[in-house]
Amino acid sequence: MSSRVSWRTVDIVVTAAIAVAFGVVFWAWNALWAAATPAFLAVPPAQNILYGTWLAAGVVAGLVVQKPGAALFAELVAASVSLILGSQWGLDAALSGLFQGAGAELAFALFRYRRWHFTAALLAAALAAIGAWIHDTPLYYAELPLTDQLVIGAFMLISAIVIAGVGSWWLTRALVQTGVLAQFPSGRSQQRI
């Protein structure tokens, strides 16, 4: 099996570590989301501008580990960690992670797991947002008119591109500069400044 496709132990460990770290972030973000709800009472769909943080685990893991399945694995585990820590969405948090991770995974698959550039990060974030929207709309926004559902999707998409796309790209580049990713193609492909 090609080393580009097969997983090493370090790939599994690092993907799991990224997922657990983001799971804790997700859990804290759940609390922030709840606390911020009153601030968006005038325009509730705008609260989804905060959504992108929940989509970053898969994008970061994909960019760092660069293996098929990393984005899905990381997003699903991160969502599960937030569930275990006490997500207000209960078991649905894990299902949501599955949809989000599948979206990010699809983006990397479209590049045949060969391109891990900025565009791939943005597409992974955007497709993760679409996965989240597909999951969330029938469960939480089914009574809303289609226009409101699309506005929610637009806020999710903008948030995803900025936080999960640009933010994940920036975070990965920052990790590369520290040298901690030297065992990964992502760490070897970037020249140090």
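Helices (H or I, at least four residues) and strands (E, at least two) are DSSP runs, numbered from the N terminus. The model is predicted: local features need pLDDT of at least 70, side-chain atom pairs count only at pLDDT 80 or more, and totals for chains, interfaces and linings use all residues. Residues are numbered from 1 along each chain as its sequence is written, and side-chain values use heavy atoms, with hydrogens and water left out.

Helix H3 covers residues 70–86. The expected span of a helix is 1.5 Å times one less than its number of residues. For the 17 residues of H3 this gives 24 Å, and the end C-alpha atoms are 24 Å apart, which agrees. Ala70, Ala71, Ala74, Glu75, Ala78, Ala79, Val81 and Ser82 of H3 are buried. Buried means under 20% relative accessible area, exposed over 50%, partly exposed in between (1.4 Å probe, protein chains only). Down the axis of H3, these buried residues fall within an arc of 155 degrees, so they line one face of the helix. The arc is that of the directions from the helix axis to the C-beta atoms. The buried residues of H3 pack against H1 (9–36), H2 (56–65) and H4 (92–110).

Asn48 lies in the loop between H1 and H2. Its relative accessibility is 2%, so Asn48 counts as buried. Beyond neighbours within four places in sequence, Asn48 is in contact (heavy atoms within 4.5 Å) with Trp33, Tyr141, Ile152, Phe155, Met156 and Ser159.

Most residues other than glycine have a negative phi. Gln66, not a glycine, has a positive phi of about 55 degrees. Gln66 sits in the loop between H2 and H3 and is buried, at 10% relative accessible area.
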